[in-house]
Each structure stands twice: as C-alpha cells, then as structure tokens.
Amino acid sequence: MRATGVSVRLGGREVVSGVDMHVDPGEVVALVGPNGAGKSTLLAALAGDIGYSGEIRIAGRDLTAYKAVELARQRSVLPQKATLSFPFNAGEVIRMGRAPWNGRPESADDEDAVAEAMKWTETSAFDQRPFPALSGGEQARVALARVLAQRTPVLLLDEPTAALDLRHQELVMAAARARAGDGAAVAVVLHDLGLAAAYADRAYVLAAGKVRRSGPPAEVFTEELLSEVYQHRVEVIDHPRTGTPLIVPHRS
Amino acid sequence: MQLTKESPLRAYKKAVLILGLAVGLVIVCLVAAGKGQVPISPGEVAGSLLHRLGLDIGPMPSAVQGENALWLVRFPRVVLAVIVGASLGCAGALMQGVFGNPLAEPGVVGVSSGAAVGAAAAIVSGVTIFGAWSTAAAAFAGGMITTLLVYAMSRAAGRTEVVTLVLTGVAVNATAGALLGLLMFLTDDDGVRAIAFWQLGSLAQATWGSVAVAGPCMIAGLVVAAICARKLDLLALGERPARHLGVDTERLRIIAIIATALLTASAVAFTGIISFVGLVVPHLIRMIAGPGHRVLIPASALAGAVIVVTGDLIARTAIDYQELPLGVLTAVVGGPAFFWLLRRTRARAGGWG
C-alpha cells in the first residue's frame with residue numbers, strides 16, 4: 001500500500017499534512033511519535049474511514065475505487081478500542097473476522113483461520129466466554145484475533161499492545177511479524193519505541209502531522225530526533241547482547 | 001485443533017427455542033380462537049380450519065353460529081394479533097441492532113407515537129386519498145418521519161448513548177402527545193374516541209381487510225430483517241469495524257430503519273400503540289439464545305406473536321362483557337420490565353455508556 005501527499009483536516013485543523021509513506025508486502029512498518037502527532041488519524045485515512053486529500057493506493061488500486069466488501073478482503077483494521085453493543089461470545093467475535101469471505105471459496109479456511117488467530121493471541125480459552133466479561137487486555141487480544149482471522153494482505157493495527165502485559169506484547173508483535181513473513185504488509189501504530197525497534201523493518205517518526213524521518217529503526221531512532229519530537233531528553237542505548245536500540249527517557 | 005462452529009448445547013438450545021415458539025404459537029392461536037362468548041374447543045377450531053383447507057379431518061364447531069364466530073370475528077383478530085406481535089418483536093430486535101443499543105424500541109423512542117399522530121391526523125382531517133389504506137399510510141408516514149428524526153438526533157459516532165436515546169424518546173413522546181392532544185381538541189366526539197382508541201391499543205377492530213394490509217408489510221419487514229441479520233451482528237462491533245469487515249454501513253442502516261418503520265407502522269396502523277413488546281421480547285430471547293441476529297430476529301418475531309395473541313386473549317376474556325385495552329396490559333407488564341432493564345444496563349456498563 002502506498003500513500004502520496006496525504007493530508008487530513010479535522011475540525012478546521014490540518015492533523016496530517018503531506019504524508020508520503022508505503023508499506024510493502026512482507027514488512028512490518030511502525031508509526032511512532034508523540035500524542036497528537038497524527039498517527040491514528042493517518043491510520044484511519046489508510047483504512048478509508050475518513051476523508052483525505054492526496055492519494056492512497058492498495059494493491060495498486062485507488063482506495064476510493066473499492067467497494068466496502070472488496071476492501072475488507074484487502075485490508076483489516078484493529079481499532080484502538082474494542083467496543084461491542086451486545087454480549088457476543090469471544091469466539092463469535094473472532095469468527096466475525098471471516099465475514100468478508102462469506103460465500104467465497106476462501107470460506108473453506110474459516111475454521112483454520114480462526115484457530116490460527118486464536119493460537120497466536122492465546123484466546124482459545126475465551127471461545128465460549130462473553131466478550132464483555134473479559135478483562136481489557138483479553139478483549140484487546142480477542143479484537144486482534146478477529147483481525148488476524150480476516151487474513152488480508154494488508155493489516156493496519158492501531159496500538160495493538162497498549163492494554164497488554166509484557167508477555168502478550170511480545171506475542172502480538174511476533175504475530176504481526178509472522179503475518180509479514182507470510183507476505184502481508186503490516187502497519188502498526190506503537191507507543192513503545194523499544195517494541196518498534198525490535199519488531200519493525202522500518203519506522204516513520206511523526207510529529208505535528210508530518211513525517212520527520214523514516215527508515216530502519218536503528219537509523220531513525222536517534223537521541224537528537226527523539227528528544228526533539230517528544231520534547232523530553234531521550235537516551236538510545238544498544239542492547240548489549242542483540243544490538244537492538246533501547247530507548248530510555250532521561251531520568252535524573 | 002478442531003473447532004466446532006459453536007457449542008452443541010447452544011445450537012441445540014436455539015433449535016429447541018425456535019421450534020418451541022412455533023408450536024407454542026399454534027397452540028395459543030387455537031386456544032385464543034376458541035375462547036369468547038361462543039366457546040369452541042381447540043380441536044373444533046383446528047377442524048374448522050382444516051375443513052376450509054379441503055381436508056376432512058377433525059370435528060366441526062358444534063356451537064350455534066360457531067363457524068361464523070370463528071371466521072368473521074375470531075380468526076381475523078387472532079391473525080392480526082400474530083402479525084402485530086411478530087412485527088413489533090422483529091422491529092424491536094432490528095431497531096436495537098441498528099442503534100447498537102439494547103434499549104431501543106419503537107414505543108420507547110416514540111416511533112409508535114409518531115405513527116399514532118399520523119393516523120390521528122388522517123382520522124381528524126378525513127383525508128382518504130389512499131382509500132381504505134389512508135389511515136395505515138398516514139401512520140406509516142408518521143412512523144417513518146419519527147424514525148428518521150430519532151435516528152438523526154440520537155446518534156453520535158455511530159453509536160447511540162443510552163441517555164441520549166431515552167431522552168430523545170421522552171422529547172418525541174412529549175411532542176407526539178401534544179400533537180395528539182391538539183388533534184383531539186380540534187375534532188368532534190367520534191374523532192376523540194378514535195384517537196383515544198389509538199393511544200390505548202386494541203385489536204377489537206380487526207378485520208380481514210386490516211390483515212390484508214398489515215400482513216404483506218410484516219412479510220416484507222421480516223424478509224428484510226432476515227437478510228440484514230448477519231450484517232447486524234457485525235454492526236455490534238461499531239460503525240467503523242463493521243465497515244472494515246465489508247459492511248456498507250450507511251446502506252444497511254437506512255434499509256433497516258425503513259424496515260423498522262414499515263413493521264412498526266403496519267403494526268400500529270390498525271391497533272394503536274402496543275408498547276414494550278419490541279423491548280422485552282428480544283431481551284428474553286438474547287438471555288436464552290445469545291445476541292446473534294440470525295436466531296434473534298425469527299425468535300423475536302415468533303415470541304412477539306405468542307405474547308400479543310396471549311395478551312389479547314387475556315384482554316378480552318379477563319373481565320366478562322368488557323374488554324381491557326391491550327396496550328394498557330402490555331404497558332403494565334412492560335413498564336416495570338423496562339425499568340429493570342434500564343437498571344441492569346446501567347449497572348453493567350458502569351454508567352450511562
């Protein structure tokens with residue numbers, strides 16, 4: 001998927017301005033930046049949720065030319081917060097991810113896709129439990145399982161790790177990596193720069209609606225850039241064993 | 001790993017529920033058709049029905065005028081009760097799905113009152129451009145306008161907050177009440193009686209003609225609801241996630257809203273306001289079979305029919321030579337049930353979510 005010169009105006013203010021970005025099959029791309037940088041808004045534009053100027057193409061075709069159901073077979077979206085109006089079971093929620101394939105040959109893989117998604121997110125045990133009765137983190141994993149079960153070539157994940165404990169954060173990012181390994185293009189909004197550094201092939205650092213820098217995390221996560229965009233002194237240390245950048249806020 | 005589509009127990013429960021409701025509806029109808037000033041046994045009712053269908057099975061009504069009582073008075077009334085109950089039950093389930101709110105119901109949000117205003121306006125003004133369908137058409141217009149109004153006013157970001165919905169209902173009901181009052185003031189004694197009948201809700205004026213009008217509306221509404229069922233499940237995730245899963249949410253909402261208005265208006269057009277059926281019935285079904293609309297919608301229609309047929313039976317037989325207004329009866333049961341649901345929803349959402 002590729003975005004060219006994408007701008008979004010919300011409430012008379014330009015929240016995203018002139019963003020160029022692309023996510024290729026097989027890679028995990030992180031969108032990072034401070035609160036209000038426009039990460040989620042950019043993701044919403046990529047998902048086709050909100051109006052934008054500029055151009056967004058998925059699989060070479062303009063986003064606005066897709067019908068809702070065609071788009072649902074191309075990209076899946078994990079919203080920041082999972083809501084549910086009626087007390088469906090977690091298993092039913094995950095199976096909703098298969099809806100776009102209803103009546104198509106791919107629907108033969110329904111149970112396989114659901115089982116795989118449950119395995120990745122460790123949600124098999126919740127199958128028969130009402131979604132509203134799950135904890136926040138468990139709900140987040142069920143929501144992710146639904147997105148994984150959709151098995152689309154493009155995944156857009158808005159803070160998939162926000163509500164999760166350490167172990168499940170790793171699990172979720174590993175799942176995203178695995179999907180990329182299968183050839184999917186994955187875009188993830190992340191707040192945890194350490195996770196972004198460890199799991200993303202490339203990162204876009206956003207600030208005030210603009211892309212400040214993009215490239216492999218080891219190159220773009222520099223002390224100067226991060227200290228500037230977060231307006232807080234940041235230390236970047238290479239992990240003594242793996243060499244992955246560790247990003248630590250300066251504390252006295 | 002082998003995964004079943006759903007637990008066998010729940011699937012079994014759903015099948016038993018639908019079958020049980022269908023059988024229950026048939027039994028209630030046979031009993032209801034037999035009760036009245038000319039008592040006829042359920043067996044004779046069934047016999048009379050089968051004879052008309054050309055099957056020479058079962059006993060014929062033995063009572064004097066039994067056959068006439070059945071075919072001219074009771075059957076239209078029972079059939080209309082089935083249609084009204086099914087329409088209201090289905091409309092409730094559909095409306096709750098579209099609003100993403102378990103407290104949405106044509107009576108609560110004021111669609112029934114809006115339809116009543118339309119019908120009353122037709123009665124008072126004496127407009128008959130659609131012939132026998134005039135009152136029904138006016139009720140439909142009133143219901144439709146109110147539905148769209150409530151829909152436009154009470155939604156924010158694809159969801160309807162409980163408090164917004166209920167307060168919108170209060171406002172709409174108050175306005176509709178004022179308009180009805182004004183129409184009663186403007187009209188003569190006959191008009192006042194006709195409007196009062198509307199507000200109380202009753203099946204007393206059921207005829208084959210009203211069945212012929214309300215029936216097709218119900219069938220159309222049920223078919224649309226059944227087609228939408230799967231998509232309504234996805235809508236429970238919210239506006240955007242539903243679209244991410246390929247649902248054309250705007251189109252779905254508009255189609256479902258029109259179907260709701262059609263069902264409600266056709267139900268109230270000949271019977272007046274029968275409230276709370278659409279609220280309580282889908283709730284009971286959800287408690288038994290879960291929130292999936294593919295079961296919820298047909299089961300709500302069946303259960304709504306059972307309740308209205310039973311309610312009407314009680315309304316016309318509880319007091320000798322007198323008839324209780326059905327709308328009053330359903331409100332007596334439905335009002336406290338609504339209160340209880342409100343408390344429960346509030347407790348579970350941890351506030352007015």
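In the predicted model, Val186(A) is in contact with Val28(A), Val29(A), Leu155(A), Leu157(A), Ala176(A), Arg179(A) and Ala180(A), when its neighbours within four places in sequence are left aside. Val186(A) is also named, together with Ala120(B) and Val309(B), among the residues that have the most contacts inside the largest nonpolar core, a set of 196 residues. To this core helix α3 of chain B, which spans residues 66-99, gives the most, with 18 residues. Both domain 1 (16-69) and domain 2 (81-349) of chain B are represented in the core, each of them by at least three residues. In soluble globular proteins, nonpolar side chains tend to be buried together.

Although Asp192(A) and Asp158(A) are separated by 34 residues in sequence, the distance between their C-alpha atoms is 12 Å.

Chain B contains 14 helices and zero strands, so that its pattern, read along the sequence, is α-α-α-α-α-α-α-α-α-α-α-α-α-α. With a radius of gyration of 21 Å, close to the 20 Å that the globule rule gives for 353 residues, chain B is therefore as compact as a globular protein of that length. Taken along the principal axes, the box filled by the C-alpha atoms of chain B is roughly 65 × 65 × 35 Å.

The contact between the two chains takes 22 residues from chain A and 21 residues from chain B. On the side of chain A that touches chain B, two or more residues are given by each of α2 (68-72), β6 (75-78), α3 (90-96) and α4 (110-121) of chain A. The residues on this side of chain A comprise 15 nonpolar, four polar and three charged ones.

Technical notes: Residues numbered from 1 in each chain as written. Chains lettered and ligands numbered in written order. Predicted model: local features only at pLDDT ≥ 70, side-chain atom pairs only at ≥ 80, totals over all residues. Helix = DSSP H or I, 4+ residues; strand = E, 2+ residues; numbered from the N terminus. Rg over C-alpha atoms; globule rule 2.2 N^0.38 Å. Contact = placed C-beta atoms within 7 Å. Nonpolar A, V, L, I, M, F, W, Y, C, P; charged D, E, K, R; others polar. Core = buried A, V, L, I, M, F, W, Y, C linked by C-beta atoms within 7 Å. Buried ≥ 20, exposed ≤ 12 C-beta atoms within 10 Å, placed from the backbone. Domains from an automatic or database assignment.
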